[in-house]
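Please keep the sequence and the three-dimensional view at hand while reading.

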Amino acid sequence: MDLYRDFILTHYHHPHNFGHLSDPDIDDKKGNPFCGDQISVTIKLTSNKKKVEKINFEGTGCAISIASASLLTDYVTGKDIISIMDLKKEKVIELLGITLSPTRLKCALLPLETIQVSLLSHLR
Amino acid sequence: MFDVQKIRQDFPIINKKINGKPLVYLDSTASSLKPHQVISAENKYYEDYGVNIFRGVYSLSETATEKYEEARKIVAGFIGSSDEREVVFTRNATEAVNLAASSWGRSSLNQGENLVSTVMEHHANIVPWQEICREKKAELRFIDIVNLGQLDLDNLAQLIDQKTRLVALTYVSNVLGTINPVKNIINNIKSINSRTLILLDAAQAVPHLKVNVADLGADFIVFSGHKMLAPTGIGVLWGKYDVLQNMPPYQTGGEMIREVYLDHTIYNEIPYKFEAGTPNIAGTLGLAEAVRYLTGLGMNNVRNHEIEIVDYALNQLGKIKEITIYGPIKARDRGGVIAFNVKGIHPHDLAQILDTDNICIRSGHHCAMPLHQRLNIPASCRASFYIYNTRDEVDKLAEGIQKAQKILTTKD
Ligand SMILES: Cc1ncc(COP(=O)(O)O)c(C=O)c1O
């Protein structure tokens, strides 16, 4: 079954960047609940506050949302806040490497939304 | 005679293959499948007399009007109402609750009064009341659940007082399956405050059990056609004659008027007062046909089949390792629905893997977020059963869950 290929399941069972940073610049406690998935992030910025130095996520989710969070947190580490704000769904699909139905696409996009919303609240 | 194999012949979808495999439909709580009799009844309207009602003197329009009103009588009879003027056609159960909340609430609810609902409600029986309470500065209280998902009725006397204007509660939970002892509850409520109105969400009851409004003592009952073999887009608000009579219109315009002048309007009588505009005529005729179909099977037989299949499913699913089943233990105490979680597997993933074998279950919060919060779970899986489901389909579900466990859980 294509969706649950080993690559996705490995990220699901052993997600990268899972946990809670001890000294974050951004602590999005609220998280972003969607249909039983709930993901929240803590972010440490670089000293000039322009880039993501470290990012952790925690919460519960399906294989797709957890794998997406794992891959995406890897991807945004070291990236400019501005460029992260520009990320679109295509990037998430590319990282996951699977085709998704509209419903499951929402699961896959939840981590991106969560990251962008928490960065946005920081920018404001 | 209740013969599942014969019943299955009536449902075109069941007899089709999808990607070469049969359909295992276990989501009738969301929407039931439709038998060809209902589909034909809807088609027949369009093919034979598909014109508007109440408007033409030509015979086609008279025929359509007659059939529409005959449908109202059939539906009234099905729920034990001797007065078909008490049956208002709506789009669905949700619109029926909104009609009651908006019309009754706007005209009758006052600041400082309260309404009571329960934590096991579908959003349809919470959100409209939240809105009207916010608007009227009234309080919305909730009956909690205990143990396995029964309503906490010991605290009724604390929740209901002389300012409680209405209690909105479900007959059968669409998640836990709990069949609430509504007749007793209504009695108790009325003995605390005889003026408190009761709205019963019977969306999961009317399709599955014999419901008799004369016997229950509720003031409003709502349900949806699409969960009881009928088309989508047709639902019912049943209300006691006197209660409906005193309510202002919900929507205004054509059909719901008697006389219109440029500066004022005299409204039509009930139920027409609440049916503004051209209704879902085909859907209404489909609903009447669905009622005929269910009546032909006999609601007692429908219920007995459901108890048998749910009992079997509780047993088979109960054997699966790491499964948690929510709601009452005995099939007799529940409707046709079983919500569950499997340790280490998110409901979306389970539902997706089952889908590869055409097994349709629901995953998520099933429009009952407050209940999931109360159960302290983010989501659940839900399998539900109706007249066409078989033991073999239960076995396929159980196998599918075990297959998902193999795919999704690791040993380390
Ligand atoms: C208990 C209950 N109430 C209300 C509804 C709302 O029904 P509808 O979406 O047809 O308005 C449903 C179905 O989803 C339900 O299960």
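The model is a predicted one. In it, 17 residues of chain A are in contact with 17 residues of chain B. The size of an interface is often given as the accessible area lost when the parts come together. Between chain A and chain B, the buried area is about 1,300 Å², and carbon and sulfur atoms contribute 61% of it.

Polar interactions also occur across this interface. Seven residue pairs are in polar contact, with both residues at pLDDT 80 or more. One salt bridge is found between the two chains: Arg104(A) pairs with Asp349(B), and their closest N and O atoms lie 3.0 Å apart. On the side of chain A that touches chain B, helices H1 (6-13), H2 (63-76) and H5 (102-123) each supply at least two residues. H1(A) gives the most, with three residues. By class, that side of chain A has ten nonpolar, five polar and two charged residues.

The largest pocket has a volume of about 510 Å³. It is lined by 25 residues, of which Tyr12(A), Gly61(A), Gly344(B), Ile345(B) and His346(B) are the closest to its centre. H1 and strand S4 (52-60) of chain A, together with strand S16 (337-342) of chain B, each supply at least two lining residues.

The second largest pocket has a volume of about 380 Å³. Among its 18 lining residues, those closest to the centre are Thr103(A), Ala351(B), Gln352(B), Ile361(B) and Ser363(B). The largest share of this lining, four residues, comes from H12(B).

Note on methods
Residues are numbered from 1 along each chain as its sequence is written. Chains are lettered from A and ligands numbered from 1 in the order in which they are written. This is a predicted model: local features need pLDDT of at least 70, side-chain atom pairs count only at pLDDT 80 or more; totals for chains, interfaces and linings use all residues. Side-chain values use heavy atoms; hydrogens and water are left out. Contact means heavy atoms within 4.5 Å. Buried area is the accessible area (1.4 Å probe) that two parts lose on being put together, summed over both. A salt bridge is a side-chain nitrogen of Lys or Arg within 4 Å of a carboxyl oxygen of Asp or Glu. A polar contact is a pair of N or O atoms within 3.5 Å; within protein, one must be able to donate a hydrogen and the other to accept it, and residues adjacent in sequence count only if both atoms are side-chain atoms. Ala, Val, Leu, Ile, Met, Phe, Trp, Tyr, Cys and Pro count as nonpolar, Asp, Glu, Lys and Arg as charged, and the others, Gly among them, as polar. On a 1 Å grid over the protein atoms alone, a cavity is a set of points where a 1.4 Å probe fits but cannot get out, and a pocket is an open set with protein on both sides within 12 Å along at least five of seven lines; lining residues have an atom within 4 Å of a point. Grid points are joined across faces, edges and corners, and a volume is the space filled by probe spheres set on the points.
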